[in-house]
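Please prepare a short briefing on the structure shown below.

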Amino acid sequence: MKITFNGGAREVGGSCTVVETEDARVALDYGIKVDEGLSYNMPGNLDAVIVSHAHLDHSGNLLTIADKKVVVIGSRATRDITSELLQDLIKIQKMKGNAVPYNFQDVSKLSELWLTRQSLALPGVEVSQYPAGHVLGANMVHLKTRDNTLLYTGDFCVHDTEILDGVDVDALPREPDVLIMESTYGGTSRPKREELVKSLFSKIRETMKRGGNILIPAFAFHRIQEMTRRIDLAMGAKLLPRYNAYYISGLAQRITQYYHDYKSLLSKQVNKQATPFKFQRVRRVRRTEQIKEPAIVICTSGFGHAGASRALLSKWAGNEDDTVIINTGYLPPNSPLIMAKEGKIVDNGKSINVKADIEQIELSGHADQEELIDFVKTIKPKRTFLIHGNLDQAQALSEKISKYTDVEIPNKNESFEI
Ligand SMILES: [Zn+2]
């Protein structure tokens with residue numbers, strides 16, 4: 001077996017690892033770097049691409065194989081949400097004036113290439129997938145070839161979150177020859193989720209007390225559904241006072257439909273409710289002009305680049321009563337939210353001094369260092385490759401797990417014979 005790390009090596013973004021045997025050539029994920037768009041230098045001659053989940057850094061480059069005879073493997077939820085995100089990607093690229101040689105028909109063509117069974121066989125390779133707890137439809141991938149076994153984690157979360165159970169580690173095959181594992185938080189310990197939610201609510205309450213606005217930029221996939229439900233339920237349970245509350249995102253609205261369709265993939269508690277994403281207290285509006293201030297608003301884009309989050313950031317950043325809550329860890333360089341954290345944003349060439357309270361409360365769907373170490377101790381891989389993490393994170397984790405497994409932090413385009 002030969003493994004080549006084509007992307008997501010020593011970085012987060014553009015995930016793609018190619019596994020080659022005498023029988024088949026298979027890519028694990030086929031992602032883009034979200035701030036760079038489509039790449040045309042991706043590995044070709046593939047028999048199959050297995051997509052761990054719909055985030056574009058794992059799926060975005062699928063567009064470039066829409067016209068090829070490649071089998072795409074992944075869950076039905078991943079297939080449908082990837083299609084939504086790819087349509088949005090085409091729209092955004094066109095809006096930016098970038099030439100995109102693909103259209104919505106290519107997206108439909110692509111979705112016909114998918115095989116959505118959890119287990120299936122390619123020539124000489126048995127493929128099994130296991131829920132990864134990261135976002136709706138996310139899977140880990142296990143490959144069994146003639147000579148080797150390999151477990152690819154994709155992005156994963158060990159602990160339960162409000163709408164999704166963590167990965168069921170007991171169900172996973174043990175002692176693979178190769179483990180390819182994400183290391184986003186390989187060097188980081190994070191507070192427990194309950195603690196993070198508590199600080200989120202206390203920040204919101206504080207702002208509401210002084211009559212300020214609260215802006216929560218969030219991704220259309222998973223983060224908006226999770227955050228909107230969290231705020232809606234907290235207001236119902238009087239953990240938060242009633243306040244004007246809105247969410248804005250056409251894309252999130254379309255994606256939320258799949259949260260109803262694939263409800264059985266969500267946690268038991270959510271699954272037993274008839275309409276878990278029909279909100280009682282947080283209202284959907286289409287435009288920022290429909291907002292009655294003061295308000296709490298959850299909206300796209302997640303990094304504040306465009307849309308309602310961009311407009312409201314410009315409107316509210318200069319007011320000391322208002323609060324912006326960033327709920328992601330990673331922020332692309334020069335993104336408006338990073339600039340807001342640093343104290344100055346630019347709107348239409350005009351510079352605004354940030355007086356609003358800018359808070360970062362990371363409610364992530366990834367395992368942290370301790371959970372990653374426990375995972376390795378339980379799975380007992382012979383050899384482990386750390387990907388999907390910046391070098392400092394991967395190195396910190398590598399030191400901690402090297403007594404349990406042989407560890408490599410591959411370079412981009414580096415190959416290994418197993
Ligand atoms: Zn992800």
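Predicted model: local features only at pLDDT ≥ 70, side-chain atom pairs only at ≥ 80, totals over all residues.

Residues are numbered from 1 along each chain as its sequence is written. The chain has 11 helices and 22 strands; helices (H or I, at least four residues) and strands (E, at least two) are DSSP runs, numbered from the N terminus.

**Whole chain**

- Along the principal axes, the C-alpha atoms fill a box of roughly 65 × 45 × 45 Å.
- Of the 418 residues, 48% are buried. A residue is buried if 20 or more other C-beta atoms, placed from the backbone, lie within 10 Å of its own.
- Among contacts with a separation of 6 or more, 69% join residues 24 or more positions apart. Two residues are in contact if their C-beta atoms, placed from the backbone, lie within 7 Å.

**Helix α2**

- Helix α2 (residues 76-95) has 20 residues and reaches 29 Å from its first C-alpha to its last, close to the expected 28 Å. The expected span is 1.5 Å times one less than the number of residues.
- Its buried residues include Ala 77, Ile 81, Leu 85 and Leu 89.
- The buried residues of α2 pack against α1 (56-59), α3 (104-111), β6 (114-115) and α6 (250-261).
- Just after α2, Gly 97 takes a positive phi of about 85°.

**Nonpolar core**

- The largest nonpolar core has 117 residues, and Val 26, Val 49, Val 297, Ile 298, Val 324 and Ala 340 have the most contacts inside it. Such a core is a set of buried Ala, Val, Leu, Ile, Met, Phe, Trp, Tyr and Cys residues joined through C-beta atoms within 7 Å.
- Helix α2 supplies the largest share of this core, 6 residues.
- Domain 1 (2-188 + 365-417) and domain 2 (193-360) each give this core at least three residues; the domain bounds come from an automatic or database domain assignment.
- Beyond its neighbours within four places in sequence, Ala 340 is in contact with Leu 313, Ala 317, Val 324, Ile 345, Val 354 and Ile 358.

**Helix α8**

- In helix α8 (residues 307-316), 7 of the 10 residues are buried, including Leu 312, Leu 313 and Trp 316.
- Among the elements that cover the buried residues of α8 are β15 (295-299), β16 (323-326) and α9 (336-342).

Conventions: Buried ≥ 20, exposed ≤ 12 C-beta atoms within 10 Å, placed from the backbone.
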